[in-house]
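Dear colleague,

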Amino acid sequence: MKKNTLLNIAIVICKFLRLFYFIVFLMLTGLFIHFQVSPSSYENVDFKTKLNDNGISMGSTSYKIHVDGKAPDDYDVFVLNKLKRSSLYFNYLKFTALLLLIYLCVKEFQKVIDSVKEIKTFQKVNVSSFKKIGKYLLIITVLIGYSSFTFQGGGKSGFYIPFTPLVLSLLAYIMAEIFKEGNNLLEEYKLTV
């Protein structure tokens with residue numbers, strides 16, 4: 001009974017997370033539209049981006065376009081309303097893809113929990129779900145690791161390798177192999193009986 005209670009709680013959490021990511025997507029889209037309609041609302045928003053410390057930095061660059069031989073202040077260059085439209089679209093698509101991939105990871109994990117609840121643990125469907133989660137996490141690693149923001153008077157870009165999604169991806173592939181072996185043992189058991 002306790003097992004089903006914990007599994008039910010996990011399923012509810014997965015459903016809540018999926019709803020949460022959908023709401024975040026709607027908010028991100030709302031900000032994206034509002035930014036295009038009224039960019040002056042963001043003129044005092046200082047834009048500071050820092051690559052995460054949970055990984056290996058592969059390089060980060062920042063540049064400013066000099067006016068009359070003089071470098072402008074960061075407050076004049078790296079302001080959100082001076083973000084170029086191409087950079088805005090690129091980053092919106094990047095964050096939307098991240099949200100979609102995280103949503104899909106949670107959905108696949110929920111499928112695994114549902115099958116465990118139904119006592120269909122070592123099925124090929126679960127192996128496939130863990131492999132999909134691993135693949136999604138590898139794509140998330142690439143998307144999180146690359147950042148690029150181009151402003152009217154300069155830009156910032158960088159690449160690093162984040163550890164957290166890489167470790168989670170590795171764990172997902174390990175779980176896929178464990179469930180695959182469990183499926184093989186289950187098939188052998190069915191043949192011997």
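The notes below go from the whole chain to single elements and residues.

Please bear in mind that this is a predicted model, in which local features need pLDDT of at least 70 and side-chain atom pairs count only at pLDDT 80 or more, whereas totals for chains, interfaces and linings use all residues. Residues are numbered from 1 along each chain as its sequence is written, and side-chain values use heavy atoms, with hydrogens and water left out.

The secondary structure of the protein chain amounts to five helices and three strands (helices are DSSP runs of H or I with at least four residues, strands are runs of E with at least two, and both are numbered from the N terminus). Read from the N terminus, the order of the elements is α-β-α-α-α-β-β-α. Of the 193 residues, 33% count as buried, where buried means under 20% relative accessible area, exposed means over 50% and partly exposed lies in between, with a 1.4 Å probe and protein chains only. Among contacts (heavy atoms within 4.5 Å) between residues at least 6 apart in sequence, 80% join residues at least 24 apart.

Helix H5, residues 163-192, has 30 residues and reaches 44 Å from its first C-alpha to its last, close to the 44 Å expected at 1.5 Å a residue; the expected span is 1.5 Å times one less than the number of residues. The buried residues of H5 are Pro165, Ser169, Ala172, Ala176, Phe179, Gly182 and Asn183, and they pack against helix H4 (124-145) and strand S3 (154-162). Methionine 175, which also lies in H5, counts as partly exposed at 31% relative accessibility.

Serine 87 belongs to helix H3, residues 85-117, and is buried, with a relative accessible area of 5%. Once its neighbours within four places in sequence are set aside, serine 87 is in contact with Ser148, Phe149 and Thr150.

As for the cysteines, the structure holds zero disulfides, a disulfide being a pair of cysteine sulfur atoms within 2.5 Å. Cysteine 14 counts as buried at 5% relative accessibility, and cysteine 105 is buried as well, with a relative accessible area of 11%.
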